[in-house]
Amino acid sequence: AEAQYNLALRYLNGRGVAASVQEAFRWFHKAAEQGLGLAQMNVGRMYADGQGTTRNDAEAVRWQRRAAEHNQPLAQYYLGLLYAEGRGIARDDREALQWFRRAAEQNLALAQLELANRYLEGRGVVLDEAKGIQLLEQAAQGGHPKAQMLLAERYFSGQGVARDPRIGLDWLRKAAEQDNAEACYRLATAYARGEGGERNDG
């Protein structure tokens, strides 16, 4: 199964073979049928996106569930999204939250950010700013640039945290180091305004 999975990746990326999403899908599917969680997750994604195969939301749900039950955090996150959007399955916010939580508990920054936003907005859960910020910090520490930017803005404004522009600047730098265009622009603006006690007109 792993050899089939690796071959699928080569077809997907055109490494040593002519790139072909159809061939990638075929080999991911073979590996997925043998129970390889990562392959199942990829098959689910390809069904959801109509990549290398016809889009089929019900199949996307079926394969993401199989991978999610193998404890693949990314599959748990994608399954949560399918439930949240009601794609291929009846919309169910409680079920979506359960899968986001399982992925977040495995330190998947994407899922931590999704949960953070839900707690901060009171979407599908009771609004809980403290819990939201805690999850936002986890996602930021996990390297998610969007989470790093959102956290930076909170430190600049003092919303839900003790105002500290220097910490805000640190988080902006981390996001900018990942070539996040929005963070680079915001960082330049922060320097120009002298936020965080630093001013650089050059």
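At 23% relative accessibility, E23 counts as partly exposed. R26 and E23 form a salt bridge whose closest N and O atoms are 3.1 Å apart. Here a salt bridge means a side-chain nitrogen of Lys or Arg within 4 Å of a carboxyl oxygen of Asp or Glu. Both residues belong to helix α2 (residues 21–33), where they sit three residues apart, about one turn of the helix.

Before going on, a word about where these values come from. The model is predicted, so local features need pLDDT of at least 70 and side-chain atom pairs count only at pLDDT 80 or more, while totals for chains, interfaces and linings use all residues. Residues are numbered from 1 along each chain as its sequence is written, and side-chain values use heavy atoms, with hydrogens and water left out.

**More salt bridges**

How many salt bridges does the rule give? The count comes to 17. Three of them are set out here.

| Pair | Closest N and O atoms |
|---|---|
| R26 and E23 | 3.1 Å |
| D57 and R55 | 2.9 Å |

Is D57 buried or exposed? D57 is buried, with a relative accessible area of 17%. R166, on the other hand, is exposed at 57%. Some salt bridges share partners, and in this way R91, D93, E114, R118, E121 and R123 are joined into one network.

**The chain as a whole**

Now step back and look at the overall build. The protein chain has 11 helices and zero strands. Helices (H or I, at least four residues) and strands (E, at least two) are DSSP runs, numbered from the N terminus. The C-alpha trace spans about 55 × 45 × 25 Å along its principal axes. Of the 202 residues in the chain, 45% are buried. Among contacts with a separation of 6 or more, 40% are between residues 24 or more positions apart; a contact means heavy atoms within 4.5 Å.

**The nonpolar core**

In soluble globular proteins, nonpolar side chains tend to be buried together. A nonpolar core is defined as a set of buried Ala, Val, Leu, Ile, Met, Phe, Trp, Tyr and Cys residues joined through side-chain atoms within 4.5 Å. Which residues touch the most other members of the largest core? Out of its 63 residues, they are F28, V43, Y77, L136 and L172. Helix α5 (residues 73–85) supplies the largest share of this core, with eight residues. You can follow V43 in the structure: leaving aside residues up to four places away in sequence, V43 touches F25, F28, H29, A32 and W63.

In α10, the residues L169, L172, R173, A175 and A176 meet A183, C184, R186, L187, A190 and Y191 in α11. This contact is made of nine nonpolar, no polar and two charged residues. For that tally, Ala, Val, Leu, Ile, Met, Phe, Trp, Tyr, Cys and Pro count as nonpolar, Asp, Glu, Lys and Arg as charged, and the others, Gly among them, as polar. The axes of α10 (residues 165–176) and α11 (residues 181–193) come within 8 Å and cross at roughly 145 degrees. These axes are lines fitted to C-alpha atoms over the stretch in contact, and angles run from 0 to 180 degrees between N-to-C directions.

Most residues other than glycine have a negative phi. N71 has a phi near 70 degrees, a positive value in a residue other than glycine. N71 is found in the loop between α4 (57–69) and α5, and at 41% relative accessibility it counts as partly exposed. N107 also has a positive phi, near 65 degrees. Where does N107 lie? N107 is in the loop between α6 (93–105) and α7 (109–121), and it is exposed, with a relative accessible area of 60%.

Our last stop is G88, in the loop between α5 and α6. G88 is partly exposed at 37%. Not counting residues up to four places away in sequence, G88 touches D57, A58 and V61.

Conventions:
Buried < 20%, exposed > 50% of the residue type's maximum accessible area, 1.4 Å probe, protein only.
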